[in-house]
Amino acid sequence: MYELYRHWNSKINLVSRKDIDQLYLRHILHSLAIAKVVSFAEGTRILDVGTGGGFPGIPLSVLFPQAEFTLVDSIGKKIQVVADVADRLTLNHVRTVHGRAEAVAGPFDFVVSRAVTQMPVFLSWVWNKISTGGKNELSNGILYLKGGDLDAELEATRKPYALYPIADFFPEEFFDTKFVVYLPKN
């Protein structure tokens, strides 16, 4: 995966140029923090909104080949690269979409993302795409990677939520202020 991303990152800015040497820690491992919160069951449908270079969707799809992933981004060059990465890694359970999340038809069991916007705005894009119930140990909902002081932003959603500190999963200092945010649909 590193060689693919290094190659593409030299042509298009998928991750910060200074960050490419930290790909495994800051992008892949960060993405996999979601897997510390839920292990996606067979047939789980996941939408990755604003996937950018394919994070968190590509690492999660490698770990969970039994799930179905749809990765969406509004930047055409980036989603073309993500499609190529998925193809070269033979991730046949990954679909890529060039467009906005609002235009992607659901339903999905989970929506994942890495801090694309404030949570109230994000909810307006995706909440109606998430089905109720679920087949996983967590009820269907949103799994969002974000850092900082999130309480006021999450309180503004007027929905229940849980914060999982990523530092509880991985000891690297990079994760000290980062969380997996979970908002259940039910």
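This is a working chat about the fold, the packing and some local features of one predicted protein model.

Trainee: Before we start, what should I know about the model and its numbering?

Mentor: This is a predicted model, so local features need pLDDT of at least 70 and side-chain atom pairs count only at pLDDT 80 or more, while totals for chains, interfaces and linings use all residues. Residues are numbered from 1 along each chain as its sequence is written, and side-chain values use heavy atoms, with hydrogens and water left out.

Trainee: How many helices and strands are there in the protein chain?

Mentor: The protein chain has six helices and seven strands, where helices (H or I, at least four residues) and strands (E, at least two) are DSSP runs numbered from the N terminus. Along the sequence they follow the pattern α-α-β-α-β-α-β-β-α-β-α-β-β.

Trainee: And why do you call the chain as compact as a globular protein of that length?

Mentor: The radius of gyration, taken over C-alpha atoms, is 15 Å, which is close to the 16 Å that the globule rule gives for 186 residues, so the chain is as compact as a globular protein of that length. The globule rule itself is 2.2 Å times the number of residues to the power 0.38. Along its principal axes, the C-alpha trace spans about 45 × 35 × 25 Å.

Trainee: What percentage of the residues count as buried?

Mentor: Of the 186 residues, 51% count as buried; buried means under 20% relative accessible area, exposed means over 50%, and partly exposed is in between, using a 1.4 Å probe and protein chains only.

Trainee: What about contacts between residues at least 6 apart in sequence?

Mentor: Among those contacts, 68% join residues at least 24 apart, and contact here means heavy atoms within 4.5 Å.

Trainee: Let's look at one helix. Which residues of α2 are buried?

Mentor: In helix α2, residues 23-32, the buried ones are Leu23, Leu25, His27, Ile28, His30 and Ser31. These buried residues pack against helices α1 (2-9) and α3 (57-63), and also against strands β4 (110-114), β5 (141-147) and β7 (178-184).

Trainee: Changing topic, how many aromatic pairs does the structure hold?

Mentor: It holds ten aromatic pairs. Rings of Phe, Tyr and Trp (its six-membered ring) pair if their centres lie within 6.5 Å, and planes under 30 degrees apart count as stacked, over 60 as edge-to-face and the rest as tilted. One of the pairs is formed by phenylalanine 169 and phenylalanine 170, which is edge-to-face, at 6.3 Å centre to centre and with 75° between the planes.

Trainee: Are those two buried or exposed?

Mentor: Phenylalanine 169 is partly exposed at 23% relative accessible area, whereas phenylalanine 170 is buried at 10%. There is also an aromatic cluster, formed by Phe40, Phe64, Phe69 and Phe110.

Trainee: Now the backbone. Where are the cis peptide bonds?

Mentor: A cis peptide bond joins phenylalanine 55 and proline 56, with omega about 10°, and proline 56 sits in the loop between β1 (45-49) and α3. Another cis bond runs from glycine 106 to proline 107, with omega near 5°, and proline 107 lies in the loop between β3 (94-98) and β4.

Trainee: Why point those out?

Mentor: Most peptide bonds are trans, and most residues other than glycine have a negative phi.

Trainee: Where do threonine 90 and arginine 158 lie?

Mentor: Threonine 90 is in the loop between α4 (76-88) and β3, and is exposed, with a relative accessible area of 58%. Arginine 158 is in the loop between α6 (151-155) and β6 (162-165), and is exposed too, with a relative accessible area of 78%.
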